[in-house]
Every structure is written in C-alpha cells, then in structure tokens.
Amino acid sequence: MTTGATLTAVGRPLTRVDGPAKVTGSARYAAEHTLPGTVYAALVGARTACGRITRIDTSAAENADGVLAVLTHRNLPKIAGPPHLLPSLAGHAAPGESFFPMQDDAVHHFGQPVALVIADSVERAQFAARQVHVDYARSPSVTTLDEGRDQVYEPEAIFAGFLPARTVRGDIEAGFQAATQRLDATYHFAANHHNPIEPSATTAVWDGDRLTLYDATQGIVASQHTVAALLGIPPSKIRVHASFVGGGFGCKAMIWPHVTLAAMAARHVRRPVKLALTREQMFTSCGHREEQEQRLEIGATDDGRLTALRHHKLSLTSPFDDWAEPSLSIASQAYACPHYEGVYRLIRGNTMTPTFTRGPGETTGMFALECLMDELAHRIGVDPVQLRLRNHAQYDPATGHPWSSDGAEECYRRGAARFGWQSRNPEPRSRRDGNWLIGTGMATAGYPVFFPMQPQRARARLYADGTAVVQSGTQEFGTGAATAMTQVAADGLGVALENVRFEYGDTDLPNVAATVGSAGAGMISAAVHTAATTLRDQMIEQAVADPGSPLHRADPAAVVVRDGRMALRDRPDTGETYRDLMERHFMTDMDALGSWRPPPPDLPYGLATFGAQFAEVAVDPDLGVIRVRRMAGAFAPGRILNAATARSQAMGGMLWGIGQALLEGSLVDPRDGRWANASLGEYLVPVNADAPDVDIEFVEVADPVVNPLGVKGLGEVGMVGAAAAIANAVFHATGYRARELPIRIEHLL
C-alpha cells in the first residue's frame, strides 16, 4: 500500500547538492583517486588503419626509468570470453564492441591499443610509451563512405541487435502515387566525437581476489559486470565507485577496453594502476557518432498532408559489429504518415564500433526530415508550424497505440508565441540588419522513452533524529541526478529537504541500470520514490497500530506526512513526528528497500517525448559567417523534477545543436585512417562567445504510464531539432538549403 505523496520539493529549482564539492575541489573524479603505491599506465595506439603487427620492440620502453612492465599481445593474458558473448545491456554487462585488443597481432583501426606501459609516474609512462616501436604489414583499408560504396550490405538488425534494419508499414508505392507533391534529398553527416571535459579514466586496485575500480562511467553496474565477464570472475568480486563523472554524452555509457586493461595491468604489477586516456585517445577509444548519409523521399498532398515517407540510411561501422545509431526511429513516428519504408545499410570500415552520442540517431534523422519538411512548407506556401500541426500524429504511427502522453501541439503553439514566430515574413532574404541577412527557422524535437528491462532498486533509511539517507547505485555525470533524487526522496518520505542525503556512486548500493537514453531520471526516481514511500507507509502503519500514538486505529490512507510529521488529512492537529514514534519504541533507525519493475515491452502505448525548436540566425553574405542570435525551445517531458537542472539539460542540448549544425565534424585522413582533428584545438565546439539567448519553456503533461512520477526524460530531446531549426533559419536568411553537416563558410560563398 502506498499513500499519495504530496509533492512540495519536486519541481523546485533546488541548487545542486553536489555544487559545493565541485566548486571547492573536494569532488574526486576517477583519475584523482591516488591510493598508496599507485602506478600509471599509458596506452600505445596502432599507427595504421588495417594490417598486422610484424614486429614490436619494447626493449627501450622496458629499460626506461621507472617502468614496471610493458604489456602487448605477446604477454597480456587472454580474456575469459569474447565480448559479443557477454550478456546484453539489459543484463547489466555493456561492452562497447565485440572486440578486445591485444589478443593477437591484427590491427582493425588507427589508435587500436597495441601496447600498455606501466611506470611509477604518468610522465614516465607516457615517455616510455613513445619508445615502443611497432612495424606493420599494412592492408587496404576503408575509412570513409566513399571508399566503401561497393561493399554496402543490409544487416538483419542494428543498434546492438535491438532494432530491425528494415521497417515497412502500408504500401509505400501507393503512398507516392497518391501524392501531388514529391521531394527527394540526400544529406551527409560528418562523424562526431563526444569530448566531455573529463577524459575517460580508470583506477584499479586488487586486494587478493577482489577488485575495486574507480571508473568514469555512466553505468557503475555495467562496468562491474562487463569487467567481471571479461576477466572470468564473479561480479560480487568487483566493486565500482563513480561519485563524480565529468560528462559522458554516451561515450561513457558502454564499457570500453581500457577499463579492463587497467584491471589486468593492476593484477600484473600487483599495485594500484591508474589509466587515463589522453584527449587524442578519446577519439579512438570510446566510440563516436558515425559518418552517415541519409536519403529521404516524401510524398504529400497540395495542402501538405504526408502520404508517403521513404527514409534510407547508409553509415560506416566497424569490422566486427552491425552498429548504426537509430536515425529512423523518432523520424518514423513524428508525423501521421500512413505509408513508410525505413532501411539501414552499412559499410564495414576500419574504425572502432560507433556508439551512443547525445540524441543517438534522433538528431541526424530528424535533421534530415525536418529540413525536408521545411522545404515542403516553402514549396506549397504553408507556414512551417502549421505544416507540423497539420501532420501531427495523434497516435503512434508505428503501432496505432495512443501516446502515453503527448504535448507536441502545445509545444508548437507556445514555442511559436514565445519566439514571436507570427511576425515572420516567409520569403528568404527578406530581412536584414545592416549587412547581415536575418532568418528564422523551426523544427520538431522528439525522443523515445526507453525502459530498462530489469528492476530498479533503492534503499531509504530514517533515523531517530529525523534525518534520512536514501541510496541507489547510480552515478552523477552532470545531469543533476543527485539533486533531483534528494527532492524525490524528501517528498516520498514527507521530510524537509535539508534532512535528506542521497548516496550514490557505489555498486555496493542497491543497483539500477546505466543512465542512458534519457532513462535515468525516470528509472532512478521510480526506485527512490518507491523506497521512500514504502518506508513512509511502514512508519504510518506502525503508528496506527500503536496504542500510544495519537493516530492509533486511524485509516492509514487518511494519514499524510509533512516535515517529518504524520497527521490526519482532515484533522492536521492529530498526529506525531517520526521522531516521537521512534523514540517511544527505542528505535535508532528504520529502513526499506524499494524495487520498481519497468512496464513490459509490449505496453499498448506510444512512448515519446516531444518538443519544438526555434532559431534566429544572422548570415554575413560576403564572408559566409553564420551567427545564431537566439533560440527557443518548448518541451513536454512529463513531470519536471528540478526546474533549474531541467533547464540546464535542455539548454545544453540546444547549444550542442549549434555545434552539430555549424562546427562539429571529425575528419579522417584516408591514408592511414587517422582522425585528422583529434583535439579540442581543431575539433570545434561552441564556446561562450557562440552562445545566444536561449528561451526554454516546459509543457508539463501528466503521464501515469511511464513510472510513478510520470517522468519521461529530458537529457537528449533538447538537442533533437536544434540543428534543423538553425539550418532552416539559414535557408530563410540566404535561400541556401543545407544538405551537409556541419554547414561551412564555403557552402555559403
């Protein structure tokens, strides 16, 4: 039995509880845990894209000052089993790719680890790593789409096997025959890299047969189970800590080989080992958003109602995994189109397996769709907002099920009103500010609601002094989870915020799944809410059963709790505090374990978060320079747990949209497969000077389906649609249609 919670803390813009630790420097990240006797490891990466190692000379490195060991495929122990045989992400283990390096002499991509040097200082380890000399027998490589177009294939499934490679509904040819308007366009996307402030790092220490890892990860349980499977030891022998993580954006969602290599190195030298990737190694060690090409064809009536959508994607994957980010997912659900065909095609290239990158798939797929929708609106003379409203899907087009909650139409209207869209002249090049051409654009935002497959757990404990501790084995990587969960716990228990402490970042705590796919807020809050309300209900039941309590024999459903005091809803003067009850029974504390089981996968609802994005740009027609002047977004993510951190999440995504549209692109040198701009000096990201005014509005929609608090997630949807809104604004300003990202100066000259 769970009585209704009074939500007084949830939704407030509470200051981050982890802020003081970060500001004062007391927050310790994975590479900042220096245990007695710690030594340092440095990776040596392959300098070719494809081939075999013919000779590896480690003598100079081994003789360098302070070097304890050099590990290569010749002396590194074999892993217990290939990563592709590990359990799926739903079963906790989450290897980033079905390949583990330094098991043989084969080289599959530039930067692949071929040696690991361990020394008594990081400088000595890095110096010795440069003394490892490797000769290769090079083989022809494929590092770009153009190099592999004669090797295209259609896999059975993509996205780690979770999604089919081909989806069809209706009759696509009949849909095009019914159309009076047809548009066809191909879009090209450069590869992208995550570049969190904190590079990935792992500190590993063995105590007998027990391993402790301090890991920069988005999933401490995933780290635990993946390393356990690769080493062939029980997960109970591994403990993972991650109290503070300096950003992830998907590159820390899966568990990459360096984590296990750190553990293997520590076991080899019998000392704690710290392995931190360099910025350049972050481009070759933690996945990326793959280079891709998308062709869209849409059919519509003269008033803009869609009749057919064909969406094909071609992308580069690794030699060993059928990976493609699901670019066709939300794009197939955003509009009420009866006839649809979506197909993924792949090229095996000499690259590591791509991975989740913020808005994985949705940002690219919706860019292509939203640019073509804008083109349709311009062709038939319909306002872009009205075109979206006209085609909005009242039901999930993929299943015919109703949405668990919607809010898209309200997002269009409120976003347009806040942005001042109604005063827009639709003609390109119709507005100037001095020499600048001014344009405005908009796009739909959308992101699926994901559920983990296993139960999510948390523990709540009340103390006799009125304070509480709530625990869950999750991690905080900048999303504000620790703050929001403090608020959820306070409301669930009915105690003041200042009396609650949320503990996390340790696999010894009750487990939850990795925080990926914008699922973190929903699943962790569900577990925390369940634990807190279970404990609250236990306290109420004890009070009503206690002859010494003012609530004796009261109906438990009639009791509410606020500020740690249980009282009758209709007679608030009748009641007592938790503290009174516990002291009377000589209790020092009381706890409860909460377990929330996510809904089944065949839930008869469409599950998505919707929003609308708006952007204004200024373009210098002589120089081709684009400046984003202002952005606005309206989103419907269900219940907002913390207004301040939610706004930060949405703003971060929208600003990343500037990077996707105008700046970010990883360029490969096809001669050796090397990322040519593998640094923050050459891989361009938005900085403060690029940041415009950003206006964000939340449309709260009740969603009783997704979890107890109706939280749908917000981390990704803020990026989806942002780049398309900017590109559409560039068209409005200049008349140029972007078919390639990022949009470069030379495109406009």
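Q: What makes two strands count as paired in a sheet?
A: Two strands pair if DSSP finds at least two bridges between them. In this predicted model, five strands form an open sheet of mixed pairing, in the order E18-E19-E27-E28-E31.

Q: Why do strand E18 and strand E31 stand at the edges of the sheet?
A: Strand E18 (432-433) and strand E31 (693-698) each have a single partner strand, so one side of each is left without a neighbour in the sheet.

Q: How do you know that strand E28 and E31 pair, and in which sense?
A: At least two bridges are needed for a pair, and strand E28 (residues 626-636) is joined to E31 over six bridges, in the parallel sense. Within this part of the sheet, Arg-630 stands opposite Asp-693 in E31.

Q: Which strands does helix H9 touch where it packs on the sheet?
A: Helix H9 (residues 384-391) touches strand E19 (436-448) and strand E27 (608-619), and its direction makes about 15° with that of E19. Helix H10 (residues 408-419) also packs on the sheet, where it touches E19, E27, E28 and E31, with a direction that makes about 25° with that of E27.

Q: Why are Cys-50 and Cys-286 called buried?
A: Buried means under 20% relative accessible area; Cys-50 has 17% relative accessibility and so counts as buried, and Cys-286, at 0%, counts as buried too.

Q: What makes Ser-525 buried, and what lies around the residue?
A: Ser-525, which lies in helix H12 (residues 520-544), has a relative accessible area of 0% and is therefore buried, given the limit of under 20%. Leaving aside residues up to four places away in sequence, Ser-525 touches Met-485, Val-488, Gly-520, Leu-641, Leu-709 and Val-711.

Q: How do you know that the side chain of Ser-525 makes a polar contact with Gly-522?
A: A polar atom of the Ser-525 side chain lies 3.1 Å from the backbone oxygen of Gly-522, and the cut-off for such a contact is 3.5 Å.

Note on methods: Residues are numbered from 1 along each chain as its sequence is written. This is a predicted model: local features need pLDDT of at least 70, side-chain atom pairs count only at pLDDT 80 or more; totals for chains, interfaces and linings use all residues. Side-chain values use heavy atoms; hydrogens and water are left out. Buried means under 20% relative accessible area, exposed over 50%, partly exposed in between (1.4 Å probe, protein chains only). Helices (H or I, at least four residues) and strands (E, at least two) are DSSP runs, numbered from the N terminus. A polar contact is a pair of N or O atoms within 3.5 Å; within protein, one must be able to donate a hydrogen and the other to accept it, and residues adjacent in sequence count only if both atoms are side-chain atoms. Contact means heavy atoms within 4.5 Å. Axes are lines fitted to C-alpha atoms, for helices over the stretch in contact, and angles run from 0 to 180 degrees between N-to-C directions.
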